[in-house]
Amino acid sequence: MDAKAKGPRWWHGATLYQIYVRSWRDSDSDGYGDLAGVIAGLDYLRWLGVDGIWLSPTMPSPDQDWGYDVSDYLGVHPELGTLADMDKLIAEAGQRGIKIVLDLVPNHTSGAHAWFTDARSGRDAAHRGYYVWADPVDGAPPNNWRDALGASAWTLDDASGQYYLHNFLPGQPDLNWWDPRVHEEFHEIIRFWFDRGVAGFRIDVAHGLYKDAQLRDNPPLVGGGRLDGGFGLRPVYSSHRPETHGVYRDWQKVADGYSPQRLLLGETWMGDLGMMASYYGQNDELDLAFNFPFVFAEFEADALAGVVDETLAKLPVGASPVWMASNHDLSRFPTRWGGGDERKARLALLMLATLPGTTTFYYGDEIAMTDVAVPMELRRDHMTPGVAEGVGRDAGRTPMQWDASPSAGFAAEGVTTWLPFGDNAARNVAAQREDPGSTLRLCRDLLALRRSAFGGQVAAYERLPAPPGVWSYRSGPLLVTANFTGHPVSLPRPPGEVLLTTVTTGTGAQPSTTLGSWQGLVTRRN
């Protein structure tokens with residue numbers, strides 16, 4: 001892979017760290033994390049070795065979808081802080097060599113946004129065209145599109161007699177990107193934040209902006225999995241429209257006008273890696289596109305390596321892949337992949353830290369935080385109602401486990417937190433920071449190794465022959481060997497000088513021809 005087509009970018013070889021702000025640290029004893037809490041954690045993140053922070057939504061919102069229903073794109077949610085707090089965060093993070101990436105939601109707004117309030121006031125309203133409206137067809141919704149809960153994606157506005165589109169909750173009306181004024185609004189929005197020093201955006205539902213102009217029915221979903229559609233339909237007309245690519249070409253021109261260049265990172269929910277790669281364009285659209293086939297691959301050598309091979313083959317020359325295993329919408333990987341087995345969590349961290357391109361950690365990954373079984377009466381997520389206990393997005397959004405105190409170090413003692421936290425006595429930052437053999441210390445060593453080996457570049461990658469169940473690859477100057485089986489395996493040859501293993505964090509160890517179950521090691525290639 002040639003990484004020189006567009007020149008180095010700050011995210012090449014970098015580590016991004018996603019903070020779900022409400023669950024990071026509570027500075028004012030209201031039970032919710034906030035921007036001041038993020039600022040308080042910056043020294044920890046510098047110690048850990050991250051290059052950038054991706055913040056979950058920080059803009060004002062009625063929180064039907066916890067910030068992914070934006071009511072003002074140019075502000076900060078009052079429960080999280082102020083614009084002054086955001087400016088301080090950007091400045092203080094910059095002093096520590098850490099960049100700030102915001103979550104941007106261009107597919108839809110909140111129903112409480114001033115644009116939609118005006119749009120509902122009548123068919124002739126100034127902002128009516130900002131949203132997708134349609135007349136009933138035989139007294140029913142205009143087509144068969146379904147929202148994220150499986151209901152019709154259309155809600156009737158009784159006052160005007162038309163339906164409006166919402167691919168998610170009814171309180172999240174979809175914007176109409178066929179209207180040039182929507183483009184103009186978002187040009188102002190991205191410039192507003194870039195001018196304040198924001199280093200880029202993670203773009204929510206990046207594949208969904210344009211909808212079919214004719215509002216045709218989605219076809220049946222035949223075969224395929226969760227990334228290919230849902231509720232029996234393949235969303236070829238309600239998302240994935242070719243016109244969306246033009247939006248990112250326009251935004252890339254804006255991002256190129258800043259120094260250092262701003263990052264455009266897309267949530268590209270799709271199972272086709274070729275389609276995912278298309279959102280890079282010719283290195284003139286998204287800079288990074290999240291790889292969900294990797295996320296949902298089985299925790300097996302061939303499955304994961306196969307996704308990596310295909311991804312690198314399909315990206316344009318010079319493009320950077322981006323890898324992640326957990327985020328705010330998913331089960332945490334120590335649970336989903338590892339089943340709570342610490343060996344598997346450590347192996348996953350080694351893999352994430354040594355693959356070429358950009359890697360992304362979710363808060364708590366570094367201590368192998370697992371999903372928390374949130375009781376039904378304490379659920380906060382409206383997008384996953386009624387799912388079984390221990391399932392749903394709340395399970396992966398619980399407060400950061402900073403220490404073993406009754407409040408987990410997240411809030412002052414006696415404060416009721418917005419979600420319950422997990423077993424912080426068994427797993428927390430403070431204890432692991434003091435333990436040289438902990439998962440946290442392993443993660444820190446991995447990120448230090450990553451920075452020294454990959455910083456500023458997209459490393460060359462080559463998969464190497466290995467025994468069944470073992471994934472061996474060269475990544476830049478590193479040779480990685482990972483045993484994805486429950487039994488020891490014999491290596492065909494001594495791997496060279498050991499730089500790091502998932503069993504110990506020491507360096508300079510003598511190589512072994514046997515790799516333990518769920519063990520990985522990194523050596524210096526000869």
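**Briefing on a predicted protein model**

Glu79, once its neighbours within four places in sequence are left aside, is in contact (heavy atoms within 4.5 Å) with Arg22, Asp30, Tyr32, Gly33, Asp34 and Asp63. This is a predicted model, in which local features need pLDDT of at least 70 and side-chain atom pairs count only at pLDDT 80 or more, while totals for chains, interfaces and linings use all residues. Residues are numbered from 1 along each chain as its sequence is written, and side-chain values use heavy atoms, with hydrogens and water left out.

**Around Glu79**
- Glu79 is placed in the loop between strand S2 (52-55) and helix H3 (83-95), where helices (H or I, at least four residues) and strands (E, at least two) are DSSP runs numbered from the N terminus.
- Glu79 counts as partly exposed because its relative accessible area is 33%; buried means under 20%, exposed over 50%, and partly exposed in between, with a 1.4 Å probe and protein chains only.
- Glu79 and Thr58 are 21 residues apart in sequence, and their C-alpha atoms are 9.3 Å apart in space.

**Overall form**
- The secondary structure of the protein comes to 13 helices and 18 strands.
- Along the principal axes, the C-alpha atoms fill a box of roughly 75 × 50 × 45 Å.
- Of the contacts between residues at least 6 apart in sequence, 68% join residues at least 24 apart.

**Interior and charges**
- Buried residues make up 59% of the 526 residues in the protein.
- The largest nonpolar core has 142 residues, and those with the most contacts inside it are Tyr17, Tyr44, Leu55 and Trp471; such a core is a set of buried Ala, Val, Leu, Ile, Met, Phe, Trp, Tyr and Cys residues joined through side-chain atoms within 4.5 Å.
- A second, separate core of eight residues includes Ala134, Trp154, Tyr163 and Leu165.
- The protein has 46 positive side chains (Lys and Arg) and 64 negative ones (Asp and Glu), with His and the chain ends not counted.

**Backbone details in the loops**
- Most residues other than glycine have a negative phi, and most peptide bonds are trans.
- The peptide bond from Ser259 to Pro260 is cis, with omega near -5°, and Pro260 is found in the loop between helix H6 (244-256) and strand S8 (263-266).
- Tyr258 lies in the loop between H6 and S8, and counts as buried because its relative accessibility is 18%.
- Leaving aside neighbours within four places in sequence, Tyr258 is in contact with Arg191, Phe194 and Asp195.
- Ala368, in the loop between strand S11 (358-362) and helix H12 (429-434), has a positive phi near 60°, and Ala368 is buried at 2% relative accessibility.
- Trp518, in the loop between strand S17 (514-515) and strand S18 (520-524), has a positive phi near 50°, and Trp518 is buried with a relative accessible area of 12%.

Methods. Charge placed at Lys NZ, Arg CZ, Asp CG, Glu CD.
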